[in-house]
Amino acid sequence: MEVNLILNGEPRTISVQPNELLMNALRRNALYSVKHGCETGECGACTVLVEGWPTPSCLMLAAQAEGKHIVTLESFASNSRDMHPLQRTFVETGAIQCGYCTPAQLLCAKSLLDQNPEPSEKEVRECIAGVLCRCTGYVKPVEAILRAAAVMRGEEVPPIGNDQPIPAPDLFQPPGDMPQTGAPDSDLEVQTKIKPIVLAPTDIEPTAVVGKPEQKVDAVKLALGKAVFADDIEMRGMLYGALKTSPHAHAWITHIDTSKARAIPGVHAVLTYNDVPRVVYASGGQTYPNPPPYDQVSLDNKVRHVGDRVAVVAAETPEIAQMAIDAIEVEYQVLPAVFDPEEAISGNAPIIHDETDAVKIHDASRNIVHHILAHTGEAEKAWAEADYIIEGEYRVHQVQQASIEPHIVVTYWDEDERLVIRTSTQVPFHVRRMVAPLLGLPVARIRVIKPRIGGGFGGKQEMLIEDLCAHLTIATGRPVRFEYNRAQEFTSARSRHPQILRYKTGVKRDGTLTGQELSIIGNTGAYGTHGLTVQTVSGLRGLSTYNVPYKKFECHVAYTNLPTPGAYRGYGAPQALYALEIHMEQIAEKLALDVLEFKRKNWVKVGDPLNMAVALGEGKEGFPQTVLTSGLAECVDLGAEAIGWHEKRGKRGDGKRKRGVGMAVCMHGTAIAGLDMGAASIKINDDGSFNVLVGATDLGTGSDTVLGQIAAETLGVPMSKIVMYSSDTDFTPFDTGAYASSTTYISGGAVMKAAQGVKWQIQKVAGAMLGVKEFETLKLADSKVSAADGRSVTIEEVALESLHRSDQHQIMATASHMSLASPPPFAAQFAEVEVDTETGQVTVNKLVFAVDCGVAINPITASGQVEGGMIQALGYGHCEEMVYDDAGTPLATKFGEYRLYQADETPDMRVFFVETYEPTGPFGAKAVAEIPKDGVAPALASAIHDATGVWITQIPYTPERVWEALKRQL
């Protein structure tokens, strides 16, 4: 049928199917700014304007658009010169991270400003509340919209990021816009007026590009809604994949009949365990050799959780593919299932992995995937010296990464009969290596391309569906597109590991720690991917923040029949630090000590060794680590000042609504010592610009920008002279991928080395041009190479000389970087809450985060990482939860059931950077991406305790859980 509509101001007639959604019809007509994120309209990524109003196009039939005015982001501008003020301010303020939800936010903002040119911040937040954003924490999008409104009213707006860093000695003599004790507590009208504040050491050499809020290199194309994501591609003859999953938590497939599915016209392939080779593997995107166990196959005759793989199909349309899935007949022998990890390892539970070809399961008969044991120091001495031995148990739950872009893969044969995998992944090089044996292809015949990614957060550090999509392309010879729906993201993707953590700590009366033991039961669900290494990181992080002579870690990693956890931003640290920080505050309370001073007395300081680092490496022995830099003391002092700690602590107020403030200390890691490696290649062009090729994966974190800044600073050119290209296994150098907070530190180290190699070559050519024999003394700055006597040549002139005139050669260099050091970033997290003691409702009013991440290469992108990470962490501690019925069926499989924070619900947030200069990092940098996930949950526990006097040692802090805890106190 045909539909007549006004599309982006132009009369159009489009052909649609009667049951076709408007979202699909628009995308089929190359309007790729319209994104798929759910199927229920709850994420808002598919938003378009219908008669001027934001409308989720995934809930509207294309036929309903008859006669309507439909507006998509493509109507704003087609190039950077003509961008709408909203697009410009989104670019300027750093409001775009992954950019997947940006088109919907821009359309909502346009609708608002068309009706109300002078909105309040509250109105802006309400306007974009229907568009979920997992990256930004909403701070910068709100600021961008308010800024655009001012521009559109003809007002002057200040430049972005002109504020100079505050010298560290002036820490408590800040400028007037820095939040002071007694400032408004949670007034949304002032929130966007507060910029991230950088407190810098006075002895750092000035830089021209590093440390500056440079515009993200991908921001313009994302603001324009260009076709840059994995699904934004048209291919002739493309088929659509679909997955049939298990309705049972544990069962044998006794019979499977695909004949009816194969007989449906338009179905080109139906694959089950009978049709693909049985090759065992581990799906975690980790360095070779992958940590065990190898307990998965592409398709199996046994299912181990609801949502496990049963069959895949490829068909000419998504609708036909779903028909084929429904037509597959499966007979199951349902088996007893186990969901509690303690029950699972008791010896009396059903065996989940009884196959004979699994590799390196510790004790399959007891569902124990791994047993981890490590210690340092003398136990007997520690307990003998202790005046008190204090124990505590803490429980953390399963949560989902909830990237707005689902897992999406497109596979096809290229003209050389090589398999191309275009996938939304954090680990393209790992995917290529890991998928090869499953497909029976050599690595040389596989190319993996990572386009822009609509959020990852660890969930895409997995070879998750690439094998299934590739099997379908091999079976059909056709391009295949395979995407998870939102329910499958909850049932068949990855999540955070639930844990039961038990601490035992010896302490003297004066607060000196003598010994500490941490035991964990980690629930890895149906498969062991990341099970070993996540729990190892929990042990390392849970026993490293504080100096203790004796430490012991023991962990049992349990199989259960729940959907499989995996990597999730923070990777074991949020679980451990939740327990550790509550436990430490409980000790301080027991000893009647001030919690800040007790923690200050015991936390690790510059020069201290991290004595569990060797025992708890990445699934093997690690490398010795010593703290070289720390701004933790300053972070705690600054955070306490900003939250009003000393004025508010212990003053909960009268009435049913009690107020409290809480805090947590955070220490994370930077990359995996001795394991993570990144490489970079840089070449000069005729005009003095540079191509920088890196294997590093930008998930929206801004890593392409940060790496470009490192190159630009080293080469003495502005960012406009840097052209970034990343994450293509054919054209970019190897990189382990985007995880473990490693990109700036490891890939940045590689870029810096490559840039130094190019710099040396430029100096050599320029030395010949200027007649300077000691060419290494020449300085590169302002796109020129200058001698001490003031003579200079431009870098463009050097490029032309080397490429075309004298001793012609390509100035270029390739470098790799790996580090045996893993310098810890430090932070202090503070929270202010209000607790309704009659209902148990916890309202979070304010979050303050002060972090030492070394030198922030780009303060705008770094602060965006912190803001988004804090809101993710807030969801972890407050409201997000994967829940199941008694049969192991997930009860939250859409966003309306799995509660993410919206723009009109987030608390006031303050971000501070307390810079130190890390000597092992490029330009003094350490990690920042994951540490914001570590402190919010324990800070909430601390604040709730301050408000109510009750310790609640299990998250999330839902009204039911808090109310029950308060009731027990009575």
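The model is predicted, so local features need pLDDT of at least 70 and side-chain atom pairs count only at pLDDT 80 or more, while totals for chains, interfaces and linings use all residues. Residues are numbered from 1 along each chain as its sequence is written, and side-chain values use heavy atoms, with hydrogens and water left out.

Salt bridges are the opening topic. Side chains of opposite charge can pair when their charged atoms come close. A salt bridge is defined here as a side-chain nitrogen of Lys or Arg within 4 Å of a carboxyl oxygen of Asp or Glu. By this rule there are 52 salt bridges. One of them joins Arg278 to Asp300, with 2.8 Å between the closest N and O atoms. Both residues lie in the loop between β10 (267–271) and β11 (302–303), so the pair ties together parts that are 22 residues apart in sequence. Helices (H or I, at least four residues) and strands (E, at least two) are DSSP runs, numbered from the N terminus. Arg278 is partly exposed, with a relative accessible area of 42%, whereas Asp300 counts as buried at 8%. In these terms, buried means under 20% relative accessible area, exposed means over 50%, and partly exposed lies in between (1.4 Å probe, protein chains only).

Asp354 and Lys302 form another salt bridge, at 3.0 Å from N to O. This pair links distant parts of the chain, 52 residues apart: Asp354 is in the loop between α10 (341–344) and β14 (368–376), and Lys302 is in strand β11. Asp354 is partly exposed at 37% relative accessibility, and Lys302 is buried at 1%.

Rings of Phe, Tyr and Trp (its six-membered ring) pair if their centres lie within 6.5 Å; planes under 30 degrees apart count as stacked, over 60 as edge-to-face and the rest as tilted. The whole structure holds nine aromatic pairs. In one of these, the ring centres of Phe490 and Tyr898 are 5.1 Å apart and the planes meet at 55°, so the pair is tilted. Phe490 belongs to helix α14 (residues 486–492) and Tyr898 to the loop between α23 (859–878) and β33 (908–914), 408 residues apart. Both Phe490 and Tyr898 are buried. Trp760 and Phe775 form an edge-to-face pair, with 5.4 Å between centres and 75° between planes. Phe490, Phe895 and Tyr898 form one aromatic cluster.

The surface carries patches, made of residues with over 30% relative accessible area and no salt bridge; like charges are joined within 9 Å, and nonpolar side chains (Val, Leu, Ile, Met, Phe, Trp, Tyr) within 5 Å. Asp686, Asp687, Glu796 and Glu797 form a negative patch. Asp687 sits in the loop between β24 (677–684) and β25 (690–694). Phe623, Met818 and Leu820 make a nonpolar patch of about 260 Å². Leu820 is in the loop between β30 (812–818) and β31 (826–836), and is partly exposed at 48%.

Note on methods
Accessible areas come from the Shrake-Rupley method with a 1.4 Å probe; for residues, only the protein chains shown count as cover. Lys and Arg count as positive and Asp and Glu as negative; His and the chain ends are not counted. The place of a charge is taken as NZ of Lys, CZ of Arg, CG of Asp or CD of Glu.
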